[in-house]
Amino acid sequence: MRAPFSWIKPEPHGIYIEPADCWVDPSRAVDHALVTHGHADHARGGHGRTVATPETLAIMELRYNTREGATPVEYGETIRLKGGVDATYIPAGHVLGSAQILLEHAGERVIVTGDYKRREDPTCPPFEVQKCDIFITEATFGLPVFCHPPIEEEMAKLLDRLRAHPDRCVLVGAYALGKAQRVISELRRAGHKDPIYLHGAMEKMCRLYEEHGVDLGELRLVADHGKDDMRGAIVVCPPSALNDRWSRRLPDPITAMASGWMRIRQRARQRNVELPLVISDHADWGELTRTIREVDAHENWITHGREDALLRWCQLHQRRARALALVGYEDEDD
Amino acid sequence: MEEFAALIDALVYTRSRNEKLRLIAEYLQATPDPDRGWALAALSDGLDFPAVKSSTIRNLLKDRIDPVLWTLSRDFVGDTAETASLLWPAPEEPPSPPTLSETVGLLDAMNRKTVLTELPLLMDRLDASGRYALLKLATGGMRIGVSSRLAKTAFAQAFDVSVDEVEEYWHGLKPPYPELFAWAADGEDPPDIENLPTFRPFMLAHPLEETVVDLEDYAAEWKWDGIRVQLVRAGGETRLYSRSGDDISATFPELLDVLPMNAVLDGELLVRGSTQGGEAGGAASFNALQQRLGRKTVSKKMLAEYPAFVRLYDVLLLEGEDLRPQPWTQRRERLEALASRLPASHFDISSVVEAADFEHLSRIREGSREDAIEGLMLKRKDSPYIAGRRVGYWYKWKRDPLLVDCVLMYAQRGSGKRSSFFSDYTFGCWDGDPDKGADLLPVGKAYSGFTDEELKKLDKHVRQNTINRFGPVRETEKKLVFEVAFDSVHESKRHKSGLAMRFPRIHRIRWDKPPHEADRIDALRALIAD
Ligand SMILES: [Zn+2]
Ligand SMILES: [Zn+2]
């Protein structure tokens, strides 16, 4: 007799599904990969065959310039892999195209969440709770100090600051995939109709979101405009450009950063951030623990992030858990 | 308390000095008494609540959250007060925050027992931001990049009074400073501080540079290499203040019972020795004084090995008489007369340097390096003693700096306006013959001495020649030579080169000079002053 769940193996470079000879989010090129979403720590180029949602495949095509071996799967769709393994893609609520992958084999159910959050996000469908035997969860913000405030509060902070300084601009550092588009969408939802200016590195991803039906309103490129046009405007750039020479072309920018890490003052100060916006596409502590409770799996496997605290929580709440030491997961998207 | 918490948060994230001033000034204008007085105290000297310790906070939290989760969180956040403010369970009722004064009153009334029940009640009345401000306030160290001087400057700005006048009254008053606000904000009489041993702002000097003065009108004194201090006796108490007005009395207890009359004296704090000005000068090098600085308690051994004394420059107040409006010559006469009444063990008087003319004085100054003296002071004979720096009254005429050629090794981003530039430079000298494979050893760090244009070029150089990155620091290709000016160099165990420069700044950027022609450590070592 086969031992239960021996068909699924956490390896340093990803989750290996033995009967299907296939990997979930491998951190190096493999023949056959199931990819949860387009962030670089989950989606690498160079796989022989890549199974992902059409949105994730489009993102990967934009980033790695190849569509070879792309196999699209819609949300809710199940595909049959070799060796009698079924894979179903379920919304994860993290970024455009992000999915949890439900793997079923011999009557056993395993979910790999990739990254996820439980908050509402106008750029992607919400996380769906599905019952399973093994729940493989991320833990990027797996410490009880992390509690992301309602996004409306953070938008109000941003817009208040903008109005208080009509001669300056607010420069918002946000990851190019997901965070930037969510911040722009939320600004629109908060009634901000002015053009929003983009760092050149953001343009293509924003266009891709628009092509997938996400309305971002009027976007302009910083490179096409002079300082005076951008007074009183919001400018969005990748975090790496915040303190870069590039920002010298802006009108006396107020430096903001949209990230879950901004909850910690020292983190914000390290980045020279004047206006920290606590906005994250990952589950905070409350969401992580609530999800573990709701999914109610027989066992929880905890991947990249602060595993120790979540492991401790599981122990305190009599839930079986183990930490997986996966390599190469770097929080591209905090 | 919400307003105070919002101010603290805003200050945490503000780098610009002007913006900090504006934030504090606006708060002081908009906030009623006595809240604003407590805030000013918290921002300047800090408040002391002995019942609340970091360990108190830890213990409170460990009763409310699993100790393992607490420790993991504390290690990640890096600050006990902040961790506690984030982890504190949100109260079920919407919080009804206390005022800042109420908070201060409650904290003050706590003792080591009651704190365990009283502090949680206070925490329950605040949100995360309020809890952070509360815990920072309670444990006495705000550490938000606001100096005492900055807080006072903001106060002066808020009510359009002079910061020197604020300094004049400051040390005689206690939080929440009702007299100070009554005077500055409501136009009442200034506080009465005559019988208090308070700090009076210093008169400062301009660099002489190209100016030539007539020795008919100016007197010359040595500029000793110690620290400028003010010794004050009033109301039966003596205090010693540093140039910034910090009370350093506890560090130099031997000076606290040697002044026999009420007076405010200006002088140089030195340690007995023979380095400066030879045997006759009677003072040790700055390095010797450094052994005594920054200590909260002083051992007998320290007192014996490095005995401190004050070399007097000026007298501001004497036995109830304010001498500051009088010309320097008259104050000098009073000082000389006074000196004979002071114990020679702890006082002497900085002598006037006699010279036939400016030329002659210039030659005397050049010789001052051998005597390890910083240079000369030139004081206009009719100058009153006025707080701050006034053009034309006092000049400092430092001996020419020492120069050495160094090679740029590392660069780091500046802060504030310079945060997008690599503007802080670490440079080194060769530890031997560079053509025979010797390495560079860092000898100093500088972030001044260049123009904005030069800064842009240096920034570009760093970016184009980066060979390594360590967080905010870039290691550069070792190819750019700086001519570095500095006042002196001393032995130092803290640096790998064993040397530490005093006041290094970039004198010239030698784009033209090949790095192997830069100086060696030995050349620098030969310039050691002690
Ligand atoms: Zn992600
Ligand atoms: Zn991730």
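How far apart do the C-alpha centres of domain 1 of chain B and domain 3 of chain B lie? They lie 42 Å apart. This is a predicted model in which local features need pLDDT of at least 70 and side-chain atom pairs count only at pLDDT 80 or more, while totals for chains, interfaces and linings use all residues. Residues are numbered from 1 along each chain as its sequence is written, chains are lettered from A and ligands numbered from 1 in the order in which they are written, and side-chain values use heavy atoms, with hydrogens and water left out.

**Domains of chain B**
- Chain B is assigned domain 1 (2-139), domain 2 (209-398) and domain 3 (402-525); such bounds come from an automatic or database domain assignment.

**The sheet of chain A**
- Chain A has an open sheet of six strands with parallel pairing, in the order β14-β13-β15-β12-β16-β17.
- Strands are DSSP runs of E with at least two residues, helices are runs of H or I with at least four, and both are numbered from the N terminus; two strands pair if DSSP finds at least two bridges between them.
- At the edges sit β14 (219-221) and β17 (275-277) of chain A, each pairing on one side only.
- From one strand to the next, the twist averages 30°.
- Strands β13 (residues 196-198) and β15 (residues 234-237) of chain A run parallel and are joined by two bridges; A:L198 stands opposite A:V236 in β15(A).

**Helices across the sheet**
- Helix α3 (residues 179-189) of chain A lies across β13, β14, β15 and β16 (254-258) of chain A, at about 170° to β13(A).
- Helix α4 (residues 203-211) of chain A lies across β13 and β14 of chain A, at about 160° to β14(A).
- Axes here are lines fitted to C-alpha atoms, for helices over the stretch in contact, with angles from 0 to 180 degrees between N-to-C directions; contact means heavy atoms within 4.5 Å.

**Where chain B meets chain A**
- The contact involves 24 residues of chain B and 28 residues of chain A.
- Together the chains bury about 2,600 Å², 57% of it on carbon and sulfur atoms; this is the accessible area (1.4 Å probe) that two parts lose on being put together, summed over both.
- On the chain B side, B:Y13, B:R15 and B:F76 lose the most area to chain A, together 30% of what that side buries.
- Five salt bridges cross the interface (a side-chain nitrogen of Lys or Arg within 4 Å of a carboxyl oxygen of Asp or Glu).
- B:D66 and A:R312 meet through their side chains in a salt bridge (2.7 Å, N to O).
- α5(B) gives the most to the side of chain B that touches chain A, with six residues.
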